[in-house]
4 protein chains.
Amino acid sequence: MGIVKETDTVVLYDSEKDKKYFLNLSLAKGKFNTDKGEINIQDLIGKKYGSVIETHKGFKYVILPCTLYDFIMYKLNRLTQIIYPKDSAYIALRLNVKPGDLVVESGIGSGAMTAVFAHIVGDSGKVVSYERREEFIKNALSNLRKLGLDHRVKVKHRDIAEGFDETEADAVFLDVREPWLYIDKAYKALKTGNMLGILVPTVNQVIEVLKKIEKFPFIDVEVSEILLRKYKTVPERLRPEDRMPAHTAYLIFARKLPGIVEV
Amino acid sequence: MGIVKETDTVVLYDSEKDKKYFLNLSLAKGKFNTDKGEINIQDLIGKKYGSVIETHKGFKYVILPCTLYDFIMYKLNRLTQIIYPKDSAYIALRLNVKPGDLVVESGIGSGAMTAVFAHIVGDSGKVVSYERREEFIKNALSNLRKLGLDHRVKVKHRDIAEGFDETEADAVFLDVREPWLYIDKAYKALKTGNMLGILVPTVNQVIEVLKKIEKFPFIDVEVSEILLRKYKTVPERLRPEDRMPAHTAYLIFARKLPGIVEV
Amino acid sequence: MGIVKETDTVVLYDSEKDKKYFLNLSLAKGKFNTDKGEINIQDLIGKKYGSVIETHKGFKYVILPCTLYDFIMYKLNRLTQIIYPKDSAYIALRLNVKPGDLVVESGIGSGAMTAVFAHIVGDSGKVVSYERREEFIKNALSNLRKLGLDHRVKVKHRDIAEGFDETEADAVFLDVREPWLYIDKAYKALKTGNMLGILVPTVNQVIEVLKKIEKFPFIDVEVSEILLRKYKTVPERLRPEDRMPAHTAYLIFARKLPGIVEV
Amino acid sequence: MGIVKETDTVVLYDSEKDKKYFLNLSLAKGKFNTDKGEINIQDLIGKKYGSVIETHKGFKYVILPCTLYDFIMYKLNRLTQIIYPKDSAYIALRLNVKPGDLVVESGIGSGAMTAVFAHIVGDSGKVVSYERREEFIKNALSNLRKLGLDHRVKVKHRDIAEGFDETEADAVFLDVREPWLYIDKAYKALKTGNMLGILVPTVNQVIEVLKKIEKFPFIDVEVSEILLRKYKTVPERLRPEDRMPAHTAYLIFARKLPGIVEV
């Protein structure tokens, strides 16, 4: 971070109103209108994060970096249900994703999980994402571009029924309606000893996946769900929020063993 | 991964017994005794992960990579309560940690959180860990060495009451008994606009931290707890495990704004 | 149940629209207007629950009993935060409330907890409820009347700082802002060996209550919270609801031992 | 409560050791041996609860009533998985069980749910329990006898495939392996407008039940699970217990409408 670059997404923070504006510099041009006057977008580039910029009326905004969390929660354009940080962070760790890794996934959805993978694999890694629907690809790539992560992602506009091209992926992740149909493809794409991850919203799908996984040489099978409960941050009256998400998805993990596949 | 290196920790998997041996090659020398015969440790180096090695009696083990998750859950030597993957994965994402980052933390504990940070920052990043107790440092470094992550971690054997040396950390994380005493130090060490993370086990500590954070120019304060529930993986009788962790810790996050610190 | 009485609250169910009307017979007089025509209220009395009544236009409604759960969730007039069935059911069992018991509580709130106690103690039991605020008493009694439970409840319009009149209560329950101020009064009102229950929304209050309870001869102290998660009832796509209550209250229980009270 | 009766189960409490003895007076005869000397059992009868009894060596025990909660959690003899208070209290409220009710259930298991129903229906109500296995009946009745609740329970040693004798039950509850096979029998046994409850441990069973319930005129179908989290009761370090039950069972509720049953 440090210095604002022309491809960054920045947050302009109004500390009086505790209000944020998200601004993608690669797309926004000319003037940016706030409710307290205009900002010359070109003036943001080269400034230090944490510094202050003034509108033509003299009002001040703090220039903050847009974290991956901010973007996923507040700015990602959603055409689909997304994978939230509570799940995507655990998925990435559970799949052992790290700088330099090749991650293969399907589908791309709105790109929220893709972004987390791309964030972690770094410039030396690569995320290959298979997706059938062109409108999802277009939207997800737009989201990834705003995050400055699109160069780490290769999208293949293809049905995974045809299989994956990759055979030595460090991790494979499936977020499709009927993942049990593609366990064989995922098995082939994955390095032996490495982790497959699958996300499904219903217990019926978990049941189908487990039935299919049993037929392949996988070990360390885990089915989990994660609940995140936030608290009201008032120290004199500390208590959880009134409501919370009750469910996002079930997460399934399994490790590939070598062996003849008996289907 | 790919090829077994002499600094790796490997997993030898007995598929008949569904049993694993963890073996750190940089420490282990000579012969490794399994209950089915000896393996010449030198023979493991250079083998492909996923390949098979035989004991002198002809029994076969599959050579698997040791993931960060495996190591933290099953092999990390614990002198302290550790931070579990459900929490550490979310903390790392929430603090926006990525390849190349400088992360500052205190204390090192048994190194479980340190390892997750080091795993993500990659060889171009650095984790600086402040710790007062020498036995914790020694143990944590031993754990990090077995993970091949120690070269990304710099330990400072010092009390953070003296402050941090760093002033432009991409993220700061506190896991100490009285974190409210060091909010000012953490504030100074952190880049403006970036995230501070704090972990505490009791609500009394959450209250103290919130009271102190209010006095500094922080925004986006979040207090959360994460529950991970695992399921029994029998597709014909799918149901959660009987018991689960009820609590590990409360997670607190805040973003640094610029400004005069009024304490 | 069985036969509709003139003091009952009944549910008129439109099975085409899956829509319910709640109708309190002791209050409603004359005609009841539905969106499918009028019903003569007098005609309902004496009918069998589960039977059908027709509007003057010939549309049919099923006459259903109004359960305590229905009333609390959908019809209770709320001037305060109420105690929900997931909590009130557990409280009543934990306090060992049963037919014939004398339960002492404060305050009455909107009467949701009072109703559960009154429901269980039956006509041979009694709930004595202390409440300072007249508008709460009026509203709660109105709710209890609609449930046909008001004759089992005696309200005392008084501040419990003056203490309780009762000395042999089978159970005592406190739902007040600062319950720690009245632990001594509750102790005196309660039969030795029996259970005190306290409900508070914040952890700060739990801390204060625990500090005070330690000074009295109580044993079996429990602090609990209950999470109820509902599922979408589609068998082909079984999964939890998207959102749920994250928090209602902390429940505290303690059993009175005999002994000199040292305050 | 008040005075100890010869059919009671009492708790003898040693306040020095914070230790409890449960003693069923209808079964125990002669002397009761504690680690601080003998108590003449006959001497307990007629004493006031909360009073003190001395051993022949002069040590003191407090005589406490045994609550239903105590008995279920600590003294109920278990031949089966039992239904815990967090679930049984909610089930009883959700089924609208109250003094005077007729509750029909199957099977009896170890009698934990039966006891809660019997506790609430009082002497004017009745619980009819169908159970095929004689050893379960014997054990459950022994448990109910120790609670002084057996006179409110009528056990029918019969398979519910033959149907229930009752046709106007205020509530019907099924805790059997394949409850979907008996939805028709339960429907017939239940008063129209009243609630059916079903408990199953696996999601596969929930799916089967929902598929069957759809074919009957039921409304207000609910599937829920309840999590109870306890806290360590130290006010200076308030935090949840380390571990908790992750799962006991899924609870299903439905309300009977009148109508032709189409199976």
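Two strands count as paired if DSSP finds at least two bridges between them. Helices (H or I, at least four residues) and strands (E, at least two) are DSSP runs, numbered from the N terminus. The model on screen is predicted: local features need pLDDT of at least 70, side-chain atom pairs count only at pLDDT 80 or more, and totals for chains, interfaces and linings use all residues. Residues are numbered from 1 along each chain as its sequence is written, chains are lettered from A in the order in which they are written, and side-chain values use heavy atoms, with hydrogens and water left out.

**Stop 1: a sheet in chain C**

Select residues 9-14 and 60-65 of chain C. These are strands β1 and β6, which pair in the antiparallel sense over four bridges. Show C:Tyr13 and look across to β6(C), where C:Val62 is its bridge partner.

Now widen the selection to the whole sheet. It is open, has four strands in the order β2-β1-β6-β5 (chain C), and its pairing is antiparallel. At the edges lie β2 (19-24) and β5 (52-54) of chain C, each pairing on one side only. On average, neighbouring strands of this sheet are turned by 35° against each other, direction ignored; the axes are lines fitted to C-alpha atoms, and angles run from 0 to 180 degrees between N-to-C directions.

**Stop 2: where chain A meets chain B**

Select the residues in contact (heavy atoms within 4.5 Å). Chain A contributes 64 residues and chain B 65 residues. Between them the two chains bury about 5,500 Å², 65% of it on carbon and sulfur atoms. Buried area is the accessible area (1.4 Å probe) that two parts lose on being put together, summed over both. Pick out A:Leu93, A:His119 and A:Pro235, which supply 11% of the area that chain A buries against chain B, more than any other three residues.

**Stop 3: salt bridges**

A salt bridge is a side-chain nitrogen of Lys or Arg within 4 Å of a carboxyl oxygen of Asp or Glu. How many salt bridges are there between chain A and chain B? The count is 10. One to display is A:Lys230 with B:Glu222, whose closest N and O atoms are 3.9 Å apart.

**Stop 4: strand β12 on both sides**

Of the side of chain A that touches chain B, β12(A) gives the largest share, 13 residues. Select residues 218-232 of chain B, which form β12(B); nine bridges join this strand to β12(A), and the two run antiparallel. Finish at A:Tyr231, whose bridge partner in β12(B) is B:Val223.
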